[in-house]
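Hi,

Here is the structure I promised to pass on. Have a look, and my notes follow below.

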Amino acid sequence: MPSSADLNETELASLLCSRLCHDLLSPIGAMNKGLELLADETDPEMRARCIELLTDSARASANKLKFFRLAFGAAGGFGDKVDVSEPRQLIEGLVADKPRVELQWHVPSAMLAKPAVKVLLNLALIGLDGLVRGGQLIIAAEEQDGACEIAVNATGPKVVIDESLAAALQGDIGAAVLSPRTAPAFMIERIARAHGGTIQLAAAPESLVIGAMLRV
């Protein structure tokens, strides 16, 4: 695996695609299993349960694809500014599959620059992944006077963040830890730096706070 200094755009895209495939594997696998069960099942109640499984898995797959389209991809359907209702709906879609997580949204700005939205989505994903036993995911962002400030606070009984992921967020990462898991963090650190900003974090056993600032 190349070092962060040597990583080119193609290699970064490959790592991001690997992360996307990993996250889609579970719901799509559940859809495949549901179809197999439905093909052999004759009991009406069991068929209804299979259809419910298929519906839930299809919804989860669609939510993840929509999320990663904007969080990782070019998101060609959007302009330079994105209505904040869009990232909110995308995050709500992921939180819907985490019944023990409560989302709090504090974004007074009506629109955010696309780079800021990418950073916000990826920080929200990191915070959500860290809530291994549930809790609150608090998201705040505001764009004013050419700058955007973003804060994601994950609080719960146990909040975790891998050391390599934390290092990637702060641009301190080597070849041994650059992976599909850390690539999104590495990407948004580059985005923040390219827009004259930084990413900072503070981690504790029951809390993870990640802040970002960008000039937009």
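Sorted by class, the lining of the largest pocket has ten nonpolar, four polar and eight charged residues (Ala, Val, Leu, Ile, Met, Phe, Trp, Tyr, Cys and Pro count as nonpolar, Asp, Glu, Lys and Arg as charged, and the others, Gly among them, as polar). Before going further: this is a predicted model, where local features need pLDDT of at least 70 and side-chain atom pairs count only at pLDDT 80 or more, while totals for chains, interfaces and linings use all residues. Numbering runs from 1 along each chain as its sequence is written, and side-chain values use heavy atoms, with hydrogens and water left out.

Back to that pocket (on a 1 Å grid over the protein atoms alone, an open set of points where a 1.4 Å probe fits, with protein on both sides within 12 Å along at least five of seven lines; lining residues have an atom within 4 Å of a point). The volume is about 540 Å³, taken as the space filled by probe spheres set on the points, with grid points joined across faces, edges and corners. Of the 22 lining residues, Asp23, Ser26, Lys64, Lys98 and Asp129 lie nearest the centre. H1, H2 and H4 are the elements that give two or more residues to this lining (helices are DSSP runs of H or I, at least four residues, and strands are runs of E, at least two, numbered from the N terminus). H1 has the largest share, with six residues.

H1 (residues 9-40) has a kink of about 40° at Leu25, shortly before Pro27; the bend is the angle between axes fitted to the seven residues ending there and the seven starting there. Several H1 residues are buried, including Arg19, Asp23 and Pro27 (buried is under 20% relative accessible area, exposed over 50%, partly exposed in between, with a 1.4 Å probe and protein chains only). The buried residues of H1 pack against H2 (44-71), H4 and H6 (183-194).

From the H2 side, Ser61 counts as buried because its relative accessibility is 6%. Beyond its neighbours within four places in sequence, Ser61 is in contact with Leu24, Pro27, Ile28 and Met31 (contact means heavy atoms within 4.5 Å).

H4 is mostly covered, with 15 of its 17 residues buried.

One last thing to look at: Asp145, in the loop between S4 (135-144) and S5 (147-155), has a positive phi, near 55°, in a residue other than glycine. Asp145 is exposed, at 71% relative accessible area.

Cheers
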